[in-house]
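Q: Hi! Could you walk me through a couple of spots in this structure?
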Amino acid sequence: MEAGLAQIREEVLRRNPGETEFFQAVDEVFNSLGPVMKRHPEYVEHGILRRMVEPERQITFRVPWVDDKGVVKINRGFRVQFNSALGPYKGGIRFHPSVYLGIMKFLGFEQVFKNALTGMPIGGGKGGADFNPSGRSEGEIMRFCQSFITELYRHIGEHTDVPAGDIGVGTREIGFMFGQYRRITNRFEAGAFTGKGVSWGGSLVRPEATGNGVVMFANQMLKTIGTTLDGATVTVSGSGNVAINAINYATSLGATVLTASDSSGYVVDEQGIDIELLRQIKITERARISEYAERRERAHFVSDGSIWEVPVDVAIPCATQNELSGDDAATLVMNGVKAVAEGANMPSTHQAINTFREAGVLFGPGKAANAGGVATSALEMQQNASRDTWSFDYTHSRLEENMEDIHDRCIATAEDFGHPGDYVIGANIAGFLKVADAMIAQGVV
Ligand code: NDP
């Protein structure tokens with residue numbers, strides 16, 4: 001790593017103690033930026049890197065609410081408004097017990113680059129709370145969302161900061177948050193949130209966009225080596241919004257998806273995951289993944305062990321950060337994996353990424369491969385601004401164009417900076433250049 005980059009890297013480590021995920025995300029980007037710093041010393045002169053690793057604003061707040069037994073509960077809420085050089089902050093809200101500032105900052109930092117890569121006028125941010133929605137009644141979820149927005153509403157808005165969903169936050173939760181925002185502000189400001197219900201300002205294709213988009217990206221990568229997903233075997237981890245749509249779309253393109261998982265374990269179905277059964281269990285019943293194996297002959301459930309031990313052509317991690325270790329990557333490589341596309345944010349550890357790159361496996365990093373969700377959120381904002389509603393087919397074709405553009409931009413940038421075929425370097429540099437140039441043009445702010 002270049003001396004200038006190494007020094008700022010050390011500062012990030014010192015100034016953000018204990019925030020391991022944030023440091024990991026910064027480190028991964030810095031490892032790609034050497035060729036840029038050589039070609040463009042002006043970025044150092046303008047202090048771009050030091051500014052980019054410091055969020056423009058970070059908000060932490062108390063979220064008090066009352067559970068069904070009348071007990072007062074307190075959670076911690078966050079919104080990290082990382083960078084608005086390209087547009088209003090844009091990024092999801094995560095409700096999960098593991099949430100703390102370091103996770104919010106890693107997600108916000110990644111989001112800045114991802115949003116730049118989409119080519120849309122959106123900055124990057126992320127938010128959430130250490131609230132565990134699992135096992136909570138609908139009334140409890142609603143009261144929590146209302147309390148969360150009672151504080152957050154003053155910091156967001158269609159021109160300021162536009163939240164969406166993430167782990168633990170789907171259309172239902174966006175509905176409760178939007179409702180409280182509308183009540184407090186006395187404004188129907190559709191563009192203040194994305195991922196809304198279709199009947200009240202949401203975009204068709206938004207629920208499917210991240211999962212479909214990551215599959216499109218995987219297919220684009222495979223085409224560069226003369227093959228496609230048709231006839232391929234695939235591992236998908238997770239069974240939430242991104243995973244279910246990735247399984248569905250990969251299957252529609254002729255792939256056989258062998259797995260799905262949740263935090264209790266994974267199922268293997270050699271005949272291909274039955275998407276309707278998975279939806280019934282995970283969305284309608286909100287039950288555990290082991291139920292799938294109970295109800296489907298020849299499928300089996302594994303509670304201990306790694307989902308990445310299943311031999312496949314393509315792996316699509318869609319659950320959470322650091323779910324795919326260096327050892328997992330080595331197993332996938334040994335079993336002949338050809339391509340890995342990240343549906344989740346930062347699911348592969350640093351060692352895993354290096355293992356894939358050294359083995360010549362096509363590797364699509366999340367900030368490129370899962371950008372279809374936020375790109376379609378930007379399309380939702382466009383529809384809201386023009387009070388228009390687009391058809392499913394038209395919106396889906398826009399998503400396809402977006403994913404193809406992102407793929408091609410990664411390839412072209414990697415080639416331009418001397419690393420042909422390296423999607424990590426391509427994505428990091430392409431995202432960085434767009435944000436850095438906007439920051440220079442707008443002065444030291
Ligand atoms: P969901 O809450 O809908 O689903 C998350 C899934 O991952 C669940 O199956 C969950 O299982 C599983 N999971 C979560 N934590 C763990 C863990 N520690 N170990 C094993 N499994 C786990 O979230 P999404 O599908 O929306 O998000 C998944 C990933 O995709 C996240 O990394 C998110 O940041 C990323 N992403 C999402 C986008 C979107 O549009 N929603 C956009 C871009 C990225 P369980 O129910 O047992 O917890």
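A: Happy to! One definition to begin with: the expected span of a helix is 1.5 Å times one less than its number of residues. Keep in mind that this is a predicted model.

Q: Okay, how does the span of helix H16 compare with what it should be?
A: H16 covers residues 372–385, and its 14 residues should span 20 Å at 1.5 Å a residue. The end C-alpha atoms are 20 Å apart, so the two agree.

Q: And how many of the H16 residues are buried?
A: 12 of the 14, so H16 is largely enclosed by the rest of the structure. Among the buried ones are Gly372, Gly373, Leu379, Glu380 and Asn384.

Q: What covers them?
A: The cover includes strands E3 (89–95) and E5 (161–164), along with helices H6 (101–117), H9 (206–223) and H17 (392–416).

Q: Which residue follows H16, and what is its phi like?
A: That's Arg387, with a positive phi near 50°.

Q: Switching topic: where does Ser237 lie?
A: Ser237 is in the loop that runs between strand E6 (233–236) and helix H10 (241–252).

Q: Is Ser237 buried or exposed?
A: Buried: its relative accessible area is 1%, and the cut-off for buried is under 20%.

Q: What does the Ser237 side chain make a polar contact with?
A: With the side chain of Glu323, at 2.7 Å. The Ser237 side chain also reaches the backbone nitrogen of Cys318 at 3.0 Å.

Q: Which other residues does Ser237 touch?
A: Leaving aside residues up to four places away in sequence, Ser237 touches several, including Ala243, Ser261, Ile307, Trp308 and Pro317.

Technical notes. Residues are numbered from 1 along each chain as its sequence is written. This is a predicted model: local features need pLDDT of at least 70, side-chain atom pairs count only at pLDDT 80 or more; totals for chains, interfaces and linings use all residues. Side-chain values use heavy atoms; hydrogens and water are left out. Helices (H or I, at least four residues) and strands (E, at least two) are DSSP runs, numbered from the N terminus. Buried means under 20% relative accessible area, exposed over 50%, partly exposed in between (1.4 Å probe, protein chains only). A polar contact is a pair of N or O atoms within 3.5 Å; within protein, one must be able to donate a hydrogen and the other to accept it, and residues adjacent in sequence count only if both atoms are side-chain atoms. Contact means heavy atoms within 4.5 Å.
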